Structure formats: C-alpha cells, structure tokens
Amino acid sequence: MKQKVLSFKSVRTLLIPLFILMLVVAGCSKDTSSNKNGSGSKNQSNQGAGEAVKGGSIKIDQRVDYAHLDPAMAYDFGSWEVVLQFYDQLLTYKPDSSELTTELADSYDVSEDGLTYTFKLKQGVKFWNGKEMKAQSFIDQFERILTPAVGSPARGFIDPLVVGSTDFFEGKADKISGLEAPDDYTLVIKLTEPRGNFLYVMGMPFFSPIDKEYVDSIGDKEFDRKPLGTGPWKMESYDVGKQMVLKKNENYFKEGEPKLDEIVISIESNEQNSVLKFKQGETAFIGWNQEINSADFVQLQSDPNFKDMLMKKELASTYYLALNNQVKPMDNVKVRQAINMAIDKEKIVKLQNGRASVANQILPPTMPGYQKNLPAEVDYKFDKEKAKKLLAEAGHPDGFKVEMLSTSGETDQKIVQSIQADLKDIGIDVEIRPLSGASYSDGARSLKYGLVYTAWFQDFPDPTNFLDVLLNGAEVPANNWAAYNNSSVNEKLNKAKSMAFGQERIDLYVEIQNEILAEAPWVPLFNPVRYAIVQPWLKGYYQHPVLMDPLHDISMTKK
Amino acid sequence: MTNPNVSTVKASAVSIQQQVKKRNKFSRFARSYPLIIIGGIMVFTLAIMAVFAPVIANHNPITQYPEGLSDIGTPIEPNDNFILGTDSLGRDALSRVVHGSIVSLEVGIFASLISLIIGVFMGIVSGYFGSWIDMIIMRITDTMLAFPFLLFVIALVAVLKPSITNVYIAIGILGWATMARVVRAEVLKVKQLEYVQAAKALGSSSFPILFIEVLPNIMGPVIVMGTLAIGQNIMLEAALSFLGIGVQPPTASWGNMLQEGMRIYQIAPWMIYGPGIALIWATLGFNLLGDGLRDWLDPKTGR
Amino acid sequence: MFSYLIRRIVGAIVVLIGISIITFIIAYAVPGDPARAIVGEKASEEVVQQVRHELGLDQPLYVQYFAYINRLLHGDFGFSYYNNQPVLDLVLSRLKDTALLAFSGWTVEILIGIPLGILSAVYNRKIADYIISVLSIIGISLPVFWFGMWLIYNVAFKMGILPIGGSGSIMHLILPALTLGIAGAAYYQRLVKSSMVDVYNQDYIRTAKANGASPLRITFKHSLRNGIIPAVTYAGMDIAFLLGGVVVTETVFNYPGVGQLAMQSIQRLDVPVIMATVLLAAIIVVVVNIIVDLLYFLIDPRISLT
C-alpha cells in the first residue's frame, strides 16, 4: 500500500495485477506475527484505567480534508478513517488483529474448485434511511465500481477476475454475469480462476453495500460528499475543509456499537495546533496516521505529563528513493550504487528524532525474506569517497543535474533536503519538486523524474507484496516507479509466487532480493515508526494493523 | 625641498576647508532629510552584507553540519560557533541570514527595474498621447490592479514550476500598473509645460519629445517609486518563499528560513528572529529611503 | 451621474473581459494535456482524442475562449481534480470565511489607522506626530507573515491567551485580523493625515481659525469629513491588497479560507480550483471598486466625476 503523509495510496491499485492479490490470503493469515508484535509494548498500557461510561462525545483532528467519501472512490488513509465507519463489508478484521471475521456476511462458503463464493447475509441490517440491506445492494456497488463514469480505483480487484466483469465494464452486458442473488440474503460470486486472497478483497471498503436508489437520486459526484451506509457512525454534517460531525447510528446491527454518541472531527492542517489542542485536553487522540510535528514530538516525549500517553507502532514499511533505471545517467548501475553510498541514512533517522530505523534492503524487518546480515557486496555502506570514485568511473566525475519528486509533508521535506545536500557533496545537483495527492502519483508514473522519494506500506506480510509489486517489470510504471525491468528477476518472481509456502520459496525471494540489490534500483532509506497519543480517559484505542482508528470501539472512562 | 612641503600643507588646508564646507552642507542636508540618511545607511549595510556575504558568514550557508544537530535531531541554540543557532537541518542560521540578503536584493532590484521600465513606458505613452491609446492602457492597468498579487502568482505557479522566475514574470505582468498610473499623472502635468508645448509646436516628432523633454521632468517621482518598489518586492519575495513557491531549497532566503521557523518555534525561537529582523531591516530601509527621497525630490506629492 | 454610472459600468465590463482573457491564457498554458490528465495514462489515444473533442480542446483558441466564458456565465467552474467537487461550491464555501477575515482586517485598519491619522494631523510636526509616523512606517515595513508568526509565538504560544490558529470564534479572528490589518492601518494613517493637513491649509479653515473656532471644533466640523473621503476611495484599492494578504495570513494561522484553499491546491496541481479563486477574487475587486466609487459620489457630490 502506497501511503504518504498527506497522500494517496490512490489509483495505484487500479493497476495492480491480480496475481499479486492471489497471495494476500496466504500472507495475511500469518499477519499476526509481523504487525501485532510491532504495535509495541506500550499499546494500551496507559489507558482505560477507569470504568467505561456509556455514550459521550469526543473531538479529534484530521490533517487533510477528505478526498472521497464514496466507498467506491476512497483509497487513502484519511478517507478510510471515516469511510470504514460509514460502511460495512462482508468481512472485516477482528479488533487489534489481522485475522478476518464475518461482518455483514453471516457465513460463507467457497466451492471446492475455488471458483464460487456464496455469502449468506445477515438479515435485518438497515441503511441509515431505514431501507434494508440486501444482496442486490452489493451487486449495485460492484456495478458502480465497473462503471467507467464512476472511475473507481478498485476495478482492478474484480476485473477480469469476476465472471462477466469486463463485458459489463465495456458496456457489452447490462449485468455482471458472475454475480447472482438467488434470494435477498444470498450473494453468489463466480470467479474466472481461483484466487486465494478473494476474501481479503471483500474486506476492503470498496465492496460495501450501497442504496442504489439513493445514489441515483443524488448522482455519483454528490454521493462522494453525502454518504449513506449501514455503518456504526452516520455523517451528521460536513463542512468541507472544516469540520465533520459523526452521530451514532442508533440502529446499528452490532449490539453495543458504537460506544460513543458523537465524534466531532476538525480539519486541522496545522500540526502544532493539533498537538496544542490535545495538550489542552480538547481532542481525544492524535491517530498514528496523523503526523506529529518534530518539535512537538520532542517536547511530548520529554514531558512527564504526556510521555506515557504516546503509543508506538513500527510499520512494516520501507521508505526509499526510486532511481529511474531507464533515464540517463541513472541507467548506469555505477551511478545508482554511487547514489546509494552517498546518502547518510543515520542522519535521516536522526532528523526524524529517531522515529525510524535505517533500511539497507527492500523488505522491512518483519517480512519473511528479510536478511539480518546482508551480503557485503549488496550492502551499500555510507561512503562518500567511494561514491565519488564510482561516479567518476561511470563517466560523471563532475556529477549531473536531476529532478526529484517528493511528497510535501514537513518531515519529508527535511529528509529530501538532507538527501539533496548529500548528493551535492558528490556533485549531483538535485532539484526538489514537492507535490501531493494524485498529482504526486501521476508525476511518479510519468517516469519523467530521475529520483522519486516514496514509500510502500505492506498489504500483507509476504515478500511478493514488495518485490513483485514494486520491482516486477510488468509493474512499470504503475507501481514500479524505478522503471526497473530485469527479465531474469521477472522470471524468478513469476516462478516464486506459484510456489508452495515454505523455506524454499523464502530462499528464492532472498536470492531475488539480492539480485535486485546488486543492481541498486533503489536507495532503501528507512523503516518508519509511528506514534499516536491518546488521552488516559479514552478506553479501547488500539493501533490496528490493517484498519484505521477504531472509532466504533472506543469509549470514555469517568474522568 | 620646502616647496613641496608648503604646497602639501596648503593643499591639505584647502581640503580641510572644503571638507568643513562639505560637512556643513551635509549636516544641513541630513537635518532636513533625516530619513534619507537613516534609510540610506540601512540600505548600505544591506548592500555590504550581500556583497561581502562569503566573508561575513563564518559557515557555508547550505552545508548541513553534523554538529549542527542535537542527538535527538533538533536545532542547536545560539552559541560561539553558531552565533544565531542552527536550523532543523543543522545549517548555520547566521550564514543563511547573511546570504539571504543576496536573493532579497537581487529580486528587489531587478523586479523593480522590470516594473519600472514597463510602467514608465506605458505611463508616458498613455499620458502623452491620450485619447484611445490612453483609454486602452488605463483599462489594462485596471485589469492588472484587480488581481490580488499573491493569488496571481499562485495561479502562475500552478501552471509553471515554483521558482523565483515566477516572481519576475508576475511583476512583469502586474507590477507596472501602479507605476504607469503615477507616471501618466505626472506626464499630464508636464505636458502642459511651455517648453513641451513649444517643442510640439516646432514640429518635433513625438518620441524625441517624450524622452528628451518629458522623461527628465518626471524622474523625481519615478526614483521615489522605484525605491519604494524595491522594499515591496523584497517583501513579496520573502512572502512567496515563505509559502514555498518562491526561492527553492537549498538556496538561503529569509522567506524560506521563516517558513521553517514557523514549524519549530516551540523549540527554536531564534529561527523567527534572525531572518525576521533582517527582512524588516531591508524593507524598512528602502521605505525610509523612499519616503526621504520623496520629501527631497517630490515634495508636492508627499505627505 | 447617470452617464457616469454607465461609463463606469462599461469600463468595469471591459476590465472583467480582460480578467477572463488572462485567466484563460494561464489556464490553457498548462503544460501537458488536460484531456490526458482526465482519462489517465492507460487510456488509449482514441479515448484521449474523444475527450479532447468533448471538451472542445480541438477547436481554435477563440472558440474555446467563448466556450469558457459561456461556462463561467452559467456558473460552471468545473470540478476539482482533488475531490471531484464542483469548484464553485468549494470556493464559495471558503469565501465566506475569507470575507469575514478580510472584513475584520479592514476593521482593524480603520480602527487603528483613522484615529492615528487624525491625531498626527492635529499634532502635525509635534512629538505625537513623529511617534505615529515612525510606527506607521514600521507598520508598512512589517512582513505580514512575520508579524503573524511573532503574534503566534508570543501571544498564542507563550501567553496562551488566544488560539494558535483555526477558525470558529471571535477569539480565532483577533490575531489574524490584527496581522492582516496592521500594514493597511499605516496606509490609512498616512492618507488621513495628509488629506487633513491639506484641508487645514485651505482658506476657509484659516478663516475659521482666525474667527476663533477651537481646534477641536475645526477638526471635527471641517477637516475630518474631508480627510476621510480619500480614505473611502482607498478602500477600493485596499480590497485587492486584503485579498492578497489573506493568502499569507490564512497560511500562517491555518485559517480555512480561499487563500489556504489556493495554497493547498498548488501541491495538488488542482488548476480548476486555483483559477476559480483568482478569477473570483479579481471580480470581487472590480465590483467593490464600483461600489466604492458610488459611495464616494454619495459622500461628496461636489466631486467632479470625470
């Protein structure tokens, strides 16, 4: 998952080939080990001291305005924070766990050949307007996702996987032949080929039931601002760019949820202000997906009143500099290695006040295939002299000029300026181009920048999620922003993903990673650590490994 | 051997007398126009700072010093080595402030020249020829003056890349309008002067009259406006860099230093004061000088 | 009066056309292909051509311009690239807050500028005048964003008596309004002073003085009214200044107005939103100027309307 402080995982996935998804299930079922342990010992240590009280209203901040509220469109951390509250899915994750469980589905059945999924739906689940959710509500959403005018980034997850999806998308059919509703509470989905991860796909917010009549009555664009779902929180009001108020859905089908009555979310793009509001006790928490300003973090960490309220989460993620392998002079491996050696990663970690650990490889530490002791020949240690020498050997003793695309967050800007200074030392002049949102990912996909500062967040703990998505030649330019295309690597990647799980497969991934590292298509920079800060009177907050902040689960204690 | 001595003594006596005379004249001038002197000194120090920046600054303004960051990656407060402290990347704030004067003066002076040249030309043409030419030019200036400057630059940046060039382009497009208006008004006055009328009557063609007779007569207000414009443009450059759409990193500019200071003032308040005071010094200097020059060269239009 | 009004409005229409031409040129000078941006990179060339055709991008420039004007007249400013919302709605919803901020800033200008102007005129060339003049030139030289930061650091952060930023209450408005208004206050002070001093030197005031009218009476009866008239005209120019100033002020104080929207839209390369912001701001400036001109006429009918 691509995520940047202010930005989008966005449209990326539209283009993720389905073979990757096949491995989601396998990966995710083991997910508990990687992500949960990462959530740190401090998780929940300080909160929930008192008895929970019923109801109540809290305030929280949101850094950027919501890009989308239509579940078919939303695909960034910010939007998911609320979209997951407005809408339910067939399946979801258990609290504070990456294990799947049923939500709107009462039960489900997968045919022996893995081609037919039958979901029995819960009865009596109602939309906010009182209408009942039925199997057709899902089919309607599938159809929206496959409607070109809607422009959903989720199409790649079901087209061409679901029978008849392509015909529907191209307008050759007015129904998706692979979707059936034999009765109101049964949904049958037929696939063209087995796909182990399909249940995980059905757990994504894209595939939420919607009330088609409502959507049609206000139109798709309006629906993006006026949600109507089955979820625990209703949108009471939304003042674009300023404030959103969530009200408890009294008729929510899950007993006892949500626990609070009201949540007021302010769009507070000023990080300092956000921290101040928290310190004054105005807001209940600052979620891990919001950035805490460096100066504030340092102060919070050394403040005895607040340091115990911090919660730590090591993300299975790698921040890296993608070197465009197809443009001169980055097409020369020596130049790429020189850049690898020129960057002081310790300093980058320091600039983040230690909220990261240095990365020397593609896979993050929790990922199978990660090597504690990387072979010396692919472990590029910080050495500016050697970098200069390599650059001279490559025919650029005086360096060159290059443009670097980056995101625009405060920390990001510090980091890219540090990289800029490091590269300047070996003669490379970097011009920084900070962008955000879709203009950033579009820029990266245009492959016109020599360097792209970016990051990848795991969708599931399997090396395919990094190596295949980010470095397979077939992923240029969708996700492979380094434009790295090595036929031997491609072949091995394709072979590995069809292999049975086990050591042999992991060994192959180790081999692949080292082969890639030898060509230095990236500079792996660091693996991030994120902090949330939570008031002691808030009960039930956890940093979920897959989902966003658990707004439906939190409650207040007597203060 | 005596002669030369005598002559030197004489010569120095004369020069002392001249100096005294000059000093009297100067002190009288200084007393009548104190703003010119104060503003002039401020601008002069700024120019010295810019010209001798590499000598004055004791560090490289773009080097990120390892000792410029604390163990937890925060800026270092002012000390013997880093006199104004460091910024959040470990760069020396003093050196950046000193080097920032280069960008400020550059943009201030050249941008003002652009608007001055276009503005004076349009103003003279408009005022001198009158009728439909005047009408067209004045409607154009109305149009330009309707755009809030910063928003206009933002629009330019949206389609071009953020860089200091946009400042020049925007000032080239918008900045001349006020200038043209003032010049036009002056030209209308000068036009009525006898010798201009005479030159016209004698059949001189328009362009010589414009530039030989009219231009020198409006130099006073033009110089005043130009001086004030430098101050304004320095402020604009700083504002744009502050917003991140002017001078790009790592080049030091007071605006982008303040932008950074804005994010770390809780732990590094010195980042607000160094560049801030430099910026106020510069704008105040040019404003004082401009006001003073107005009192001197153009007393009627003054306060 | 009537013919003046007509001339004034015709002039304003010409200016509005000029504004639309300039924004049109900037918007269509966008490097790259708007059609390609809309359909995405994977779309085939045929699709791009079709969209180009639908958008009229294959038409000659003047045809495109008239289509653009036609859309604007129908209130169609397009959709935001960022969140797909109608641009006009986005900008208008923010414009309310910006108007509030700009009005508060203007209030600060008037409340500080005019009394100080009167004071320095009454005590012309006395100590009070010099002090005010020094303050005034410092006010003009004070960078808006620096002054804002200084207020945030000292008043909001250290003293903690006012919010650091955001919007929603009068308290939230105080610091931004002060920041926005301080330079303008200095301009008003200068204007009021110079025009009042001019009036003092006029014959009828001298006569009044000679007849033993008290200075206070002279100030309020004669010169104040005449002194304030130029200040009213300045309000027309001031609106452009204020709308430019809000960009910086809103950024510093994180105030959710059009300036902040424009800044956010830059990094999102959300061209439709930025263009609409600039266009609407310019239109507002033109309209306010007409209104001010008319007010000017109402206040002082003697003024010749040429």
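Predicted model: local features only at pLDDT ≥ 70, side-chain atom pairs only at ≥ 80, totals over all residues.

Across the interface of chain B and chain C, by comparison, the rule finds one salt bridge. The points below take each interface in turn.

**Domain 1 and domain 2 of chain C**

- The domain assignment divides chain C into domain 1 (2-73) and domain 2 (88-299).
- At their interface, 14 residues of domain 1 of chain C are in contact with 11 residues of domain 2 of chain C.
- About 1000 Å² is buried between these two domains of chain C, and carbon and sulfur atoms give 86% of that area.
- Of the area that domain 1 of chain C buries against domain 2 of chain C, 38% is supplied by C:R8, C:I19 and C:T23, more than by any other three residues.
- Zero residue pairs in polar contact (both at pLDDT 80 or more) are found by the rule across this interface of domain 1 and domain 2 of chain C.
- On the side of domain 1 of chain C that touches domain 2 of chain C, the elements giving two or more residues are α1 (2-28) and α4 (61-73) of chain C.
- The most is given by α1(C), with 11 residues on that side of domain 1 of chain C.
- By class, the residues of this side of domain 1 of chain C divide into 11 nonpolar, two polar and one charged.

**Chain B and chain C**

- The contact between the chains takes 42 residues from chain B and 49 residues from chain C.
- Between them, chain B and chain C bury about 4100 Å², with 82% of it on carbon and sulfur atoms.
- A salt bridge joins the side chains of B:D291 and C:R190, at 2.3 Å from N to O.
- The rule also finds five residue pairs in polar contact (both at pLDDT 80 or more) across the interface of chain B and chain C.
- On the side of chain B that touches chain C, two or more residues each come from α5 (131-146), α6 (149-159), α10 (219-242), α11 (254-264) and α12 (270-297) of chain B.
- Among these elements, α12(B) gives the most to the side of chain B that touches chain C, with 11 residues.
- The residues of that side of chain B comprise 30 nonpolar, seven polar and five charged.

How values were computed
Residues numbered from 1 in each chain as written. Chains lettered and ligands numbered in written order. Heavy atoms only, no water. Domains from an automatic or database assignment. Contact = heavy atoms within 4.5 Å. Buried area = accessible area lost by both parts, 1.4 Å probe. Polar contact = N/O pair within 3.5 Å; in protein donor to acceptor, adjacent residues only side chain to side chain. Helix = DSSP H or I, 4+ residues; strand = E, 2+ residues; numbered from the N terminus. Nonpolar A, V, L, I, M, F, W, Y, C, P; charged D, E, K, R; others polar. Salt bridge = Lys/Arg side-chain N within 4 Å of Asp/Glu carboxyl O.
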